[in-house]
Each structure stands twice: as structure tokens, then as C-alpha cells.
Amino acid sequence: MIEIKNLTKKYGAFTALDGISLIVKKGDIFGFLGHNGAGKTTTTNMLTTLLEPTGGSATIAGFDIVSQSMDVRRNIGYVPENVQLYDTLTAYENLEFFAQLSGISHPRDAIGETLEFLQATSFAHKKIGELSKGMRQRIGLAQAIIHKPAVLFLDEPSAGLDPTGIIQLREIIIRLNKEEGTTIFMNSHLLVEVAKTCTAIGVLNHGKLVYTDTLANTLKRFKNEDSLEKIYFSINGDADNKPRN
Amino acid sequence: MVMPIINQGIRLANKDLKLLMKENTFIIILLIFLLMSLASMYISWSSQHMVLQVYGEASKQLMEVGKPLPPYPFASTPPLSIMKNMIIYIVLIGALLAITLGHFIAVNDRRAGVIRILFSKSFSKEDFFIGKILASTEMLFAALLSSMIIYAVSMALISGMPPSLFLGIIAFYAVSFVYLAGFAYIGIFFGLNADNSSKAILLPLILWIIITFALPEFGSALYPTSSLNPVLPDTSVLDSPILKAFHSIAYPLSISEQYKEATATVLGLQTTGTNMPPYPQGSRMLILFAWFFGTLGLSYHAVRNFDAAQGDDYE
């Protein structure tokens, strides 16, 4: 579903992303891990067509992120970190606007269905500025899935959420993956969440992909480590080595 | 499903209009335009009314003593001279409102932090440009139309309003639209280019000061206070070769002077301008159109170079 080949991003002399190659299979929930500044958001920005790569290529649902960017956009949904929406518009009005931009001409039914799926119908007519962080996150997610994309990108989806919000979000992500078959690409710092949600992981360090495999294989490979946190630090201590997989 | 490009632009413009209405920004701008029109109309009418009262009194007294009556004071005054204050209100207040409008329309998505979401949809930079231009044009058009209706109704009540006068009013507002749209596009340009709200609003204001006060001073040796007159006084820039050289460069760039001269001609007012060879009316309109399309091009350039990945970084 996502194929990345030697993807590179340079800003002058600084290399933000150093030739990463990666495959995310259809139906995967892929957890993209790394320290701050490792290049996770740069990767997501390129895959969501917001940023052009300096080198390499990537396809999403078979479409090239540079030459077929509009086709890519029709097949993805994106929830940026600390998702924000138009505060003075209601949740419904925000969703109506983004649904129309996503190609849904008469979005009423799609909005109703999406809000129901996210259990957010009760605050549809509240202004975004009046919603809690968790509710806002759900509306942010709603705008990303309203057109039933093949791939959903989530950038630090749990950031700023309280424990209840984190649990609810996790359940939604898993349901979305199981019920709708959506492939999910998720940047995260929260290793516990990644362990509970993802089916595959990749670890990025200083712009290099230092590890990628399924979560099951990873747990088998690092059977002496008792948590993903320890596995992560074990992998990431080896920053400049080649990918192990 | 491929959607026509214009639809996405219209959707963005509709959202911008909805936001400006909800935040009361448009209502405030509209009210200021309406107050400005009423004030301009009242000031012109009351000053004429006062002169006519004095004239009436004087005529009565002169008739009583059998002396000849002086000519009617407004015999050679064009009927649309009642709108002359509006010229300067447009230059001073209208341009600032247009900058504010363009600024709000440009930055509302950035302030909301939704730029990355917008550009992850099947939504191009051309859609974004069309949406922003449509929204600012519609708002400006609505404000000027309201002001025009006030003038047309008032003129109809005062003087019966022959159709030729109505055409003059329409021409005045059409020229004003071209002038103000340029400022709205400047507001959009800086709103998209600046990384914070202080720069985004201060830079176009500095440009407005240069256009409204500095260029007329260099271009026609006008003192800043002279710029506040709707019709330019005579100046003597030819006396100095240096000022003459400045004039030839700065005068065409002095958009506010071009606007004042063009609208004064449209309203049938006497345009004295500078004592340099007069510019034909056509060239003034060409300069105003160059301003309109130049600023439109600038805002397109701002959209083309806008970094969608960093677009939400705005304070």
C-alpha cells in the first residue's frame, strides 16, 4: 500500500531524511518511531504530498507522491499533530467543508455516518472552540476518514490526550483498521500505545531508518527485552548502523 | 472523481465568507463603509446647504435694495461633486479596510492551523488562490455596492437622479473597486508570506503609507496634508530639475494620485494636478489596471511559493 524507495530530503547541507526504503502492507497499522527531529514528520509531510522529496520516490495505493499527487490525496486521510480546526465553526460545519474538499458533494449522510462511527454525534453542533482536546481530536479524525481513504496518516495522535482519550483513540484506530480495512501510518512517541495498536514498526534515527519489521517478529527477536520501550532503546542506541531487516 | 478546479475555489471562498460573518469582521467592515458614505454625503450636503442658505439670505437683501443678484454659487459645480469627500475616504479609510479584509481572508486558515489538512485533500494551490481572490472580491464588491446604493438613493432624493448621473456613480465605484482590490491583494500577499501576524499586518500598512503619503510628496511635491484633499492643488515641481526627475519616476507609481485624478474626472470635478504636462485619462486607468493586475500577480506568486508543510507555523 505504501512503497518508499530511497526517499531523501535535504535542506541545504542538512539531510533531514537519508534515503529511507520501506514497505507498508495493505491493512497494516504501522508505527513510525523516533526521537524528536529524527525525520518522522518530514517523512509524513512527503507521503501526504505536502513536501517534495529531494531524492528517491514513494507510491501510495499505486500513485506516485510527486507526479500523481492529486491521486495520492484522494486516497489518503491526514491528522496532523495537535490537530486544529476552524474554532468559530461547529464540528458539523468543519466536516461539511472538508468533506466537500474531499469530493463528497452531498456530505450530510457521510458526516452522520462518520460521527456515529466515532461516537461524536452529540457534539456535532458545538463550535470547535468549545470542545475538549479529545473531542477535537475525534473531529480531526472525522475529517480525515469521512471519504473512506485507503491510507490514514496520524502524526502523534495521542499527544495531549488524557488517559481516557488515549484509550478511546486506540479503540477507534483498531476498529477503523478492522472494520474499514484502512491502512494506518502512525508517528508516535508513546511506545506503549504503539505496542497495543500497531502490527508493524519502523525506527528512524537522525534521518535514517534503523529498523523495520512486524511487531510480532520484533517481540520474538528481542525476547530478552520485556517492553517495546527497552527494544526501542536497544535499536536506537545503534543509530548510524544500516537497517537490521 | 475529478472535480472542476473552480468548485474547490468556490468552496474555500464560501467558507471564508462564513468565517468572516461569524467573526463579525465583514459586518464591521460593511458598517464602516456605510458610515463613511453617509458621513461623506452629509458633509457635502450640509456645506452646500449652508452656502445656499447664505446665498438665499443675501439674494433677498440685495433684491430689497434693488441690486443685481450674484450668480448661483453652484451653477458651475457638477452634480456629483457631492461625492468628492468619498474620494479621500476611499484613499484613507477604504484602502485600510481593504488591507484588513485581504489579511483576514489570507490568514484565517493559518490561524486555525488547518493548512496541512487543506493541502492533504484533493485541493491545489490554484484552488487556494481562486478561493482567496473570490472571497476578497465578493466582500469588497458587497461593501462598495452598499455604499453605492446609499449614494444612488440619496442622489435620487436630492436631485431626481438622471440616468447620466447614475452612470457616473457606477464609474466612480468601478474605479474605486480597481484601486481597493489592489490593497486587498496586498493584504493577501503579506498574509501568506509573513510568519507572524505583526509582520502580516504592519508591512502592508507601511506600503499604504508610502503609496498614500510618501509617493505623492516625492511625485508632486505635495505636503502630506495636501494628500488629504480630494483634488490635488497646483504644485510647481518643474521649478527644480531634481524634483522634475523625481516626478517623472514617482508620479506614475503614486497610485493614490492616479486614483484621485481618475475619480475626480469621472465625477466631473476640476483636476488641477501638477503643472507637469497632463496625463491623459486613459493612462491613469492603465496605471490603475497595472496596479490591480500587478498586486493580483503578487498574491498568486505568494500562493505558488507558499510552503504548505510549514503554513500552520503562524503566531
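Chain B touches chain A through 29 residues on each side, counting a contact as heavy atoms within 4.5 Å. This is a predicted model, where local features need pLDDT of at least 70 and side-chain atom pairs pLDDT 80 or more, while totals for chains, interfaces and linings use all residues. Residues are numbered from 1 along each chain as its sequence is written, chains are lettered from A and ligands numbered from 1 in written order, and side-chain values use heavy atoms, leaving out hydrogens and water.

Here's the interface in brief:

| Feature of the B/A interface | Value |
|---|---|
| Buried area | about 2700 Å² |
| Carbon and sulfur share of that area | 61% |
| Salt bridges | two |
| Polar contacts | 11 residue pairs |

Buried area is the accessible area (1.4 Å probe) that two parts lose on being put together, summed over both. On the chain B side, Arg116(B), Ile117(B) and Lys121(B) lose the most, together 24% of what that side buries.

A salt bridge here puts a side-chain nitrogen of Lys or Arg within 4 Å of a carboxyl oxygen of Asp or Glu. Glu93(A) and Lys22(B) make one, with the closest N and O atoms 2.8 Å apart.

As for which elements of chain B face chain A, α1 (5-22), α3 (84-112) and α4 (115-118) each give two or more residues; helices are DSSP runs (H or I, at least four residues) numbered from the N terminus. α1(B) gives the most, with seven.

Within chain B, the axes of α2 (residues 25-64) and α3(B) come within 10 Å and cross at roughly 180°, the axes being lines fitted to C-alpha atoms over the stretch in contact, with angles from 0 to 180 degrees between N-to-C directions. The two helices are therefore roughly antiparallel, a label for angles over 145 degrees. Residues in that contact include Phe33(B) of α2(B) and Tyr89(B) of α3(B).

Methods:
Polar contact = N/O pair within 3.5 Å; in protein donor to acceptor, adjacent residues only side chain to side chain. Parallel < 35°, antiparallel > 145°, perpendicular 65-115°, else oblique.
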